Amino acid sequence: MDSDREIGPIILLGPPGAGKGTQAKIIAKRYGIPQISTGDILRDNVARSTELGLQAKAIMGRGELVPDNLVCDMVASRLRDADCERGFILDGFPRTAAQAGWLDAFLEREVYKGKEHCGVPIVISLKVDYNEILRRLAGRRSCPTCGRIYNANSNPAHVRGVCDNDGSQLIVRKDDQEDVVRERLRVYENQTRPVIDHYREKDRLYEVDGLRDVEEVAQKINDVVAQATVAVRKGAPS
Ligand code: AP5
Ligand code: MG
């Protein structure tokens, strides 16, 4: 684990099923920084029937986006936790132009303030085509206890339906039904594509071919993080 320096923040963008969660867990382990998945935090709130969960449940079930103000407040609260001090990985955030603008301001105000190197986020967009997304999401299984992500076709558990780590019964996400997946993809095109443009215009975007094997994608992301971190240390303009 590479845990002595500040990393990122790293922002993972990409359509549903692109592999954001899979890659975020690999990066988190490698650099010892937390994965902050807005989808996972929302699903946890739904499971616990919190006030936020009650507001989000139906929206998520339809494959639409939870309102910006609710998600931004949730992210602000998580980013103030002590484990984010050395860096963090955002998985599934920002997802609208408004969230991206909010994050820029939050990073300036609360994350970069007083730091020696004026960091910029390392924004990585995973590119995967439509048919592969449908194939991946149809086969996805997740562990409700440890969060490990499997695929019934390409990356199955050793014992069918049972988590290798902790023996929990694997689950299929409710929003992985085909009609909901189509809506999530539509929402991605309409509302999240502008976020990619936002970072491209700021010259911060790195695009990675998400169609390759998990290990190859992880290697490519490592290269990008190393390259971007050196650039920031040399004081490259953002
Ligand atoms: P969220 O949980 O973020 O879902 P998503 O963005 O649709 O992305 P997924 O989690 O489905 O895919 P992934 O890219 O993480 O892929 P994974 O690694 O699992 O959001 C859910 C909902 O929450 C939203 O619809 C919205 O309602 C709400 N929400 C969340 N954030 C929000 C925000 N910021 N604002 C408003 N609302 C928000 O991989 C998928 C499958 O592929 C797995 O089976 C995996 O094993 C397999 N796989 C991964 N990589 C590879 C590979 N390289 N080769 C082959 N198979 C692979
Ligand atoms: Mg995910």
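Colleague: Which residue just after α3 takes a positive phi?
Modeller: This is a predicted model, where local features need pLDDT of at least 70, side-chain atom pairs count only at pLDDT 80 or more, and totals for chains, interfaces and linings use all residues. Residues are numbered from 1 along each chain as its sequence is written, chains are lettered from A and ligands numbered from 1 in the order written, and side-chain values use heavy atoms, without hydrogens and water. Helices here are DSSP runs (H or I, at least four residues), as are strands (E, at least two), numbered from the N terminus. Just after α3, with a phi of about 85°, comes G63.

Colleague: Where do the buried residues of α3 sit around the axis?
Modeller: In α3 (residues 51-62), L52, G53, A56, I59 and M60 are buried (under 20% relative accessible area; exposed is over 50%, partly exposed in between; 1.4 Å probe, protein chains only). They cover an arc of only 140°, taken from the directions from the helix axis to the C-beta atoms. Therefore they lie on the same side of α3.

Colleague: Which residues are exposed on the other side of α3?
Modeller: The buried residues pack against α2 (38-47), α4 (68-79) and α7 (178-201), with contact meaning heavy atoms within 4.5 Å. On the other side, the exposed residues are E51, L54 and K57.

Colleague: Which element gives the largest share of the shell around ligand 1?
Modeller: The elements giving two or more residues to that shell are α1 (20-31), α2 and β6 (149-151). The largest share, four residues, comes from α2.
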